[in-house]
Amino acid sequence: LVIDEAQNLSAPLLDEIRALSEMEAGRRLLQIVLVGQPELRSRLRAPEMQKIAQRVTTVCELRPLNREGVGGYVAHRLAAVGGARDRVEFSSQALDLVFRGSAGIARLVNRICDRALLYGYLERTSQIGRTHVGRALHDLEIAPLQFGAPIATPEPAVAPAVANTDSRRTAPS
């Protein structure tokens with residue numbers, strides 16, 4: 001059983017999950033994985049959570065990626081959805097900006113890249129550059145940091161409006 005965003009579970013529900021973990025007939029019937037934000041670890045340290053905390057056998061933490069990790073992560077995500085270098089690619093400068101904007105946090109890397117890919121699609125380009133990422137950061141209201149100071153990001157381009165080319169007009173009724 002995998003439970004995501006477990007930091008949001010109520011104390012009674014966590015206790016019910018603990019009870020599920022105790023239902024063993026000489027062997028483990030259910031393995032439970034709690035996935036959550038750092039607040040989950042804090043919650044499990046509370047005195048009323050001692051019974052469930054005692055059953056935790058492994059704790060893993062996803063730390064922020066370094067610059068090389070961000071590049072590898074983006075390449076892997078693109079490959080997983082069928083992207084190839086001849087189809088779409090982030091420039092090195094774009095990945096630098098993704099790293100600085102996300103601080104290596106995978107969830108933010110995903111959001112920034114998704115928006116930058118949208119801008120690349122609108123421009124019908126396979127090369128995602130610094131400008132695309134800058135626009136994405138602006139849209140997401142993320143100020144990339146370099147040596148503790150914000151970097152200016154380009155103003156977002158206005159997405160092209162779809163013009164109504166239907167010349168037929170209907171008469172007012």
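Which exposed residues does the face of α1 turned away from its buried side carry? Points on this predicted model follow.

1. Start with the answer. P12 and E16 are the exposed residues on the face of α1 turned away from its buried side. The helix itself covers residues 11–22, 12 residues in total. From first C-alpha to last it reaches 17 Å, close to the 16 Å expected at 1.5 Å a residue.

2. Now the other side of α1. L14, I17 and R18 are buried. Viewed down the axis of α1, the buried residues lie within an arc of 105 degrees, so they line one face of the helix. Their packing partners are β1 (2–3), β2, α2 (38–44) and α3 (50–53).

3. Next, α6, residues 106–122. At 1.5 Å a residue, its 17 residues should span 24 Å, and the end C-alpha atoms are 24 Å apart, which agrees.

4. The buried residues of α6 are A106, V109, I112, C113, A116, Y119 and G120. Down the axis of α6 they fall within an arc of 140 degrees, so they line one face of the helix. Their cover includes α4 (67–80), β3 (89–90), α5 (92–102), β4 (127–128) and α7 (130–139). D114 and Y121 are exposed, on the face of α6 turned away from the buried side.

5. Check the backbone just after α6. R124 takes a positive phi of about 55 degrees there.

6. Last, the surface. V2, V33 and V35 make a nonpolar patch of about 220 Å². V33 belongs to strand β2, residues 33–34.

Note on methods:
Residues numbered from 1 in each chain as written. Predicted model: local features only at pLDDT ≥ 70, side-chain atom pairs only at ≥ 80, totals over all residues. Heavy atoms only, no water. Patch = residues over 30% accessible without salt bridge, like charges linked within 9 Å, V, L, I, M, F, W, Y side chains within 5 Å. Areas by Shrake-Rupley, 256 points an atom, 1.4 Å probe, with all protein chains shown as cover. Salt bridge = Lys/Arg side-chain N within 4 Å of Asp/Glu carboxyl O. Helix = DSSP H or I, 4+ residues; strand = E, 2+ residues; numbered from the N terminus. Expected span 1.5 Å × (residues − 1). Buried < 20%, exposed > 50% of the residue type's maximum accessible area, 1.4 Å probe, protein only. Arc of directions from axis to C-beta. Contact = heavy atoms within 4.5 Å.
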